[in-house]
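Colleague: I'm new to this one. Could you walk me through it?

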Amino acid sequence: MRVLVTGGAGFLGSHVVDALIARGDDVMVVDDLSTGDRANVDRQADFSVADVADLSALQRGIGSRRIDGVVHCAARTKVVESMTKKDLYERVIVGGTRNVVETSRRLGASIFVNISTGGAIYGETPTCADETVPVDPQSNYGRFKAKAEKLVESSDLRAVTLRLANIYGPRQRTDLEGGVIAIFIGCWKRGEPITVFGDGSYQRDYVYVADVVESVLGALSGTHAGVFNIGTGVATSVNELVSALTSILGPTLSCGPLASRSSMRRKACSMSHSVVPIADAAPRPSVPPRERRACTTSSAPTAGAPDRCRSRRGPIDPSTALSASRHAARRPVPSRPPDRPASFLHPYVL
Ligand SMILES: NC(=O)c1ccc[n+]([C@@H]2O[C@H](COP(=O)([O-])OP(=O)(O)OC[C@H]3O[C@@H](n4cnc5c(N)ncnc54)[C@H](O)[C@@H]3O)[C@@H](O)[C@H]2O)c1
């Protein structure tokens, strides 16, 4: 399969690229390197520096070769910055998505995987939101992601939109928002105090990058279309996150509670409306019963073995993010053996 990955030099995109190359796909990456890094991109991928919001630059960058599928990751992703740089965010997220959709149609793509957000699109919800919950984005980032979803939906491409929870894992940058696990681990490693906003009770759904990548591959290869939440369906508070990290890394320097940020939502957690089984292109271990609870709140838009599901980890497994260096892994991030407890230190980390 020849696959175009936009934003393929970024955190998530580069893991998608690695996984596609590992399964033998022909991969083309377009990225403007605004937050991505060329060193994240496997040398086997064709790489073009281009701004997705500039249609002619995008088309020059991609050329005229046919593509079979697209994974559209490119975006500006800072929620707070989106409030002060509205035009930039609209241009990249809405305009960029329009251009990538148009180019994908022109080059004959038969599947478009649109990377969206669960965390910023549902607004404040008392329980974990499933896909039937109406969107209520509170930031420009979330509003433009919602608009981009509509653009994708109204195209005549077969399209899957994945609304992702908060992702963590290797190559996550500590200087961008949302990477609280990478940020905390960086503080731990440097022996610096961590900063917790408010009382640490606000909750997020944290999902490991390898699980997200699996759902992207499933979406590319399956027959589904529509919107799917990708997460664990388990809300984890910052205090719980600190405890989990403390159990692995030892005590941190103390952190004083700070005033809440005005943009801070109490809870951001999504779950899938129904469990959709995964594709079974390659044999995988089935999910042990004690991990099924996490499975039933997570889905992947693919067809296949009914007794398996996408997010095999529990709500959080920070140990898998310990090697959070941007260039840490060239190969696809290995999955944590499903028969090990969440605190198991993954061989990749060691
Ligand atoms: N990280 C998360 O927790 C999370 C959660 C939900 C959704 N997402 C979505 O996942 C996608 C990837 O995010 P990420 O966390 O890997 O962030 P990232 O910043 O590492 O990746 C984004 C990539 O897009 C590139 N890019 C930005 N503007 C571009 C433009 N105009 N033209 C071409 N390339 C451009 C950047 O250089 C970068 O390589 C984004 O669409 C983001 O909204 C991420």
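Modeller: Helices (H or I, at least four residues) and strands (E, at least two) are DSSP runs, numbered from the N terminus. This is a predicted model, where local features need pLDDT of at least 70, side-chain atom pairs count only at pLDDT 80 or more, and totals for chains, interfaces and linings use all residues. Residues are numbered from 1 along each chain as its sequence is written.

Colleague: In E5, what is the bridge partner of His 72?

Modeller: His 72 belongs to strand E4, residues 69–72. E4 and E5 pair in the parallel sense over 4 bridges. Across from His 72, the E5 partner is Asn 114.

Colleague: And which residue in E4 does Leu 4 stand opposite?

Modeller: E4 also pairs in the parallel sense with strand E1 (residues 2–6), over 4 bridges. There, Leu 4 faces Val 70.

Colleague: Are the residues of E4 buried or exposed?

Modeller: In a regular strand the side chains alternate between the two faces of the sheet. Here Gly 69 and Val 71 point one way, with Val 70 and His 72 pointing the other. A residue counts as buried if 20 or more other C-beta atoms, placed from the backbone, lie within 10 Å of its own. By that count, all four of these E4 residues are buried.

Technical notes. A residue is buried if 20 or more other C-beta atoms lie within 10 Å of its own, exposed if 12 or fewer, and partly exposed in between; C-beta atoms are placed from the backbone. Two strands pair if DSSP finds at least two bridges between them.
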